[in-house]
Structures are given as structure tokens and as C-alpha cells.
Amino acid sequence: SMTTHLVARGIAASPGLAYGKALVLRSEEIPIAYVSIRESDVPLEIKRFQNAVAASKRQLQVIQAKVLQALGEDHAYFLDAQIFALDDPLLVKNTIQSIQEHRVNAEWAVHHSITQIAKRFAEINDSYLSERVKDIEDVTRRIVQNLMGMPPRDLMTVEEPHILVASRLAPSEAIQLRADLTLGLTLDAGGITSHTAIIARS
């Protein structure tokens, strides 16, 4: 049988060499439809959004507790940024405002908010702010998954040694990687100072 060799070049976030089976994580974009709602349904839609935010917070707190137990405080604090992002007024106020003004479904309103936030911060060349936008993007994805009833990815269930290949990995996912099984990590997105890279190095 023929073997295809693929060489991908990138920036090393940490030194070393790894050899192993690739575990490819598909990162599919979640299609988000614009759905008009009746004015009388606006309070219900806002409640749906608030419930999804609360569910996201609970999920992140569960992951944080597991990480605290397995890896200690140094690693668990990374999830604080994600938990704080769920309370970000830019995200929460803008989403509620979109639902009220456009009379639209919560999924579209959340997506609209993060697009506006990312656009605003893209013009500012600041690594702290770009990390903050990534944190908000990651929790936005989690909120939308909760609104749609989609289960979040659980990387703690992987049971064989692997090199993880993904287009992107949220800090809340990177923190779940088991050091004894994850031989290496290769990503399309994120620099050497990203939260995910810092977690992976440690």
C-alpha cells in the first residue's frame, strides 16, 4: 500500500520531538440561522440565552474542579478567564440588546455580538486584547452549543497515546489533555503566547 507523506511547517511552541498516531479533531463551523421571533417571545428568548450562559459556567466550573484536582492551581486559573468572559458586559448586554432590537433567536444574537467584538478589537494590535477576544469566542461557541443542545467535546475520554491535530483548541479543551497520553500537539490557530500553547507546554 502507498503511504502519503505530508510535511507541515509551523512555529514550535515548545522544544522536542514526538512520534505517534495522529488523533484528528474536526472543528466544524456551527451553522447559525437568523430566525425572527414574535415580540411576545423576546423575554423567553432572553431567558434561553441566560440559561445557556449559566450551563456554560457550570461546565467550565466542573472542568476547573477536575483540573485543580489533577494538575493544581497553576493550571486551573486559566479557566478563570473563560468563566469571566461569560459575564463580559460586551457579550451579555450586546446579545440581549440584539434579541430585543432585532427580535431574533439567541443563537444569531450571540454570533452577532462576538462578530462585533472581534471587529472592534481587530483594529488594536495588542496581544492581551486578542487573547481576551479568543476567550470570548471560545465561550460564545460553548453558549451556542448549549442553546442547540450539542454536547461539548470531552477529551478526558481519549485512552491511547496520540499526537493531537486540530485547527484550533480552546483553553478549556487543552486543559483536559492527559500528559501521559498526549505525545504532541499541532494547531492551525494560535501563537506561542496563547493560553492553549501555555497550557500545552506545561
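**Entry 1: helix 1 and helix 5.** I began with helix 1 and helix 5 (residues 106–122), which pack at an angle of about 65° with their axes 9 Å apart. I noted that this is a predicted model. The crossing of these two helices, helix 1 and helix 5, is right-handed. Which residues meet here? I found Glu 45, Arg 48 and Phe 49 on the helix 1 side, and Ala 106, Glu 107 and Val 110 on the helix 5 side. Sorted by class, the contact of helix 1 with helix 5 has three nonpolar and three charged residues, and no polar ones.

**Entry 2: helix 1 and helix 4.** Next I followed helix 1 (residues 42–71) to helix 4 (residues 89–102). Their axes come within 9 Å and cross at roughly 155°. Angles over 145 degrees count as roughly antiparallel, so helix 1 and helix 4 are roughly antiparallel to each other. I also wrote down that helix 1 passes helix 4 in a right-handed crossing. From helix 1, the contact uses Val 42, Glu 45, Ile 46, Phe 49 and Gln 50. Helix 4 brings Val 92, Thr 95, Ile 96, Ile 99 and Gln 100. I sorted the contact of helix 1 with helix 4 too: six residues are nonpolar, three are polar and one is charged.

**Entry 3: helix 3 and helix 6.** How do helix 3 and helix 6 cross, left-handed or right-handed? I started with the geometry: the axes of helix 3 (residues 78–85) and helix 6 (residues 127–148) come within 8 Å and cross at roughly 70°. That angle makes helix 3 roughly perpendicular to helix 6. The handedness came next, and this crossing is right-handed. On helix 3 I marked Ala 81, Gln 82 and Ala 85, and on helix 6 Asp 135, Ile 136, Asp 138 and Val 139. The contact of helix 3 with helix 6 divides into four nonpolar, one polar and two charged residues.

Entry 4: Three of them form an open sheet in the order 1-2-3, with parallel pairing. Strand 1 (22–25) and strand 3 (182–187) are the edge strands, each pairing on one side only. Ignoring direction, neighbouring strands of the sheet are turned by 20° against each other on average. Strand 1 pairs with strand 2 (residues 162–166) in the parallel sense over four bridges.

**Entry 5: confidence.** Last, I looked up the pLDDT. The protein averages 82, and 89% of the residues score at least 70. Which elements have the lowest and the highest mean pLDDT? Helix 8 (residues 195–201) has the lowest, at 58, and helix 4 has the highest, at 94. My reminder to myself is that where pLDDT is low, the predicted coordinates should not be read in detail.

Notes: Residues numbered from 1 in each chain as written. Predicted model: local features only at pLDDT ≥ 70, side-chain atom pairs only at ≥ 80, totals over all residues. Heavy atoms only, no water. Axes fitted to C-alpha atoms, helices over the stretch in contact; angles between N-to-C directions. Parallel < 35°, antiparallel > 145°, perpendicular 65-115°, else oblique. Left-handed = near helix turned anticlockwise from the far one by under 90°. Contact = heavy atoms within 4.5 Å. Nonpolar A, V, L, I, M, F, W, Y, C, P; charged D, E, K, R; others polar. pLDDT = per-residue confidence, 0-100. Pairing = 2+ DSSP bridges.
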